[in-house]
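Let's take a walk through this protein together, from the overall fold down to a few individual side chains. Keep the viewer open as you read.

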Amino acid sequence: MKKHILLVVLLLAATLASAVAQSRPGTRKPAPKSTGKPAPGGRTIVKPPPVYAPIRTERDTDTEEKPLSMVVNKVKIKKPVLVYYEEPAPGKSVQQLIMAEENLGLLKTLDLEKLMARREVFVDGLGNLALPGSDVNKYRLLGTSAVAEDTRRPVGDGRSFYSRLKMPSSSFLYVVRESAEEYRHFVKAPQKKGSLLDFQSNGLPGVDSVRAVYTLRKMDSAERGAGSGETIR
């Protein structure tokens, strides 16, 4: 009888010790996450979480803006003149404009920005450009100053003057749309001796682009690159 009671006591002590060990912190192992796929023998396989590679994006070069090719149009102006425009005081901006002589009256009523907005008024081109499709070593697009008369006549606004262009009536002028940035900083020089650049001044604040006029010049071997030559149609 005593042996039976002793055996029961030992079994109770062993059960109590096992329960105490499992209840201690750090001794209980976390249950593995199940993948839902039983392995052979009825056990489940625990897989590590997936690792994703960083997403890389490349710039689509096809969508980048590309510089537009130069577009040159021909225009015929009846009795074209080169206008040496001066802004009324207290302004000091100057500009060289191209228009028909019959339109000189516009200078008496319109300011420079409104003049530039008129389709019959152009600006004298500043560039030395190649005509698309031509021999760049023989033909150039240059401003009209080289074909302007030396005589300057008053426009009638008390400030500006004009010179007639020495061109056959059948001749064309060439128009190129350009940024206004190269044209907005011209101011009159002291004692009215030409013009100069003043980058603090902006004579065309509301103008983004201009229609610049050029003449087509044929250059000989001695004149190529010198900005002179025979004017052709």
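**The overall picture**

Of the 233 residues in the protein, 32% are buried, where buried means under 20% relative accessible area, exposed means over 50%, and partly exposed lies in between, with a 1.4 Å probe and protein chains only. What you have on screen is a predicted model, in which local features need pLDDT of at least 70 and side-chain atom pairs count only at pLDDT 80 or more, while totals for chains, interfaces and linings use all residues. Residues are numbered from 1 along each chain as its sequence is written, and side-chain values use heavy atoms, with hydrogens and water left out.

The secondary structure consists of 2 helices and 12 strands; helices (H or I, at least four residues) and strands (E, at least two) are DSSP runs, numbered from the N terminus. Read from the N terminus, the order is α-β-β-β-α-β-β-β-β-β-β-β-β-β.

Now find β2, residues 80–86. Is this strand enclosed or open? 7 of the 7 residues of β2 are buried, so the strand is largely enclosed by the rest of the structure. P80, L82, Y84 and E86 point one way from β2, whereas V81, V83 and Y85 point the other way, and all are buried.

Two strands pair with β2, and pairing here requires that DSSP finds at least two bridges between the strands. One partner is β3 (residues 94–100), which runs antiparallel to β2 over 7 bridges; within this pairing, V81 has M99 as its bridge partner. Another is β7 (residues 161–164), also antiparallel to β2, over 4 bridges, and there Y84 is bridged to F161.

K78 counts as exposed because its relative accessibility is 61%. Leaving aside residues up to four places away in sequence, K78 touches A100 and E101. The C-alpha atoms of K78 and A100 are 5.6 Å apart, although 22 residues separate the two along the chain.

**Salt bridges**

Let's finish with charged side chains. How many salt bridges does a search of the whole structure find? The search finds 6, a salt bridge being a side-chain nitrogen of Lys or Arg within 4 Å of a carboxyl oxygen of Asp or Glu.

One of them joins K92 to D198, with the closest N and O atoms 3.4 Å apart. K92 lies in the loop between β2 and β3 and D198 in the loop between β10 (195–197) and β11 (209–218), so this pair ties together parts that are 106 residues apart in sequence. K92 is partly exposed at 41% relative accessible area, whereas D198 is buried at 19%.

Another salt bridge links E120 and R118, at 2.8 Å from N to O. Both E120, at 24%, and R118, at 33%, count as partly exposed. R159 and D157 also meet in a salt bridge, at 3.2 Å from N to O, and D157 is buried, with a relative accessible area of 14%.

Conventions:
Contact means heavy atoms within 4.5 Å.
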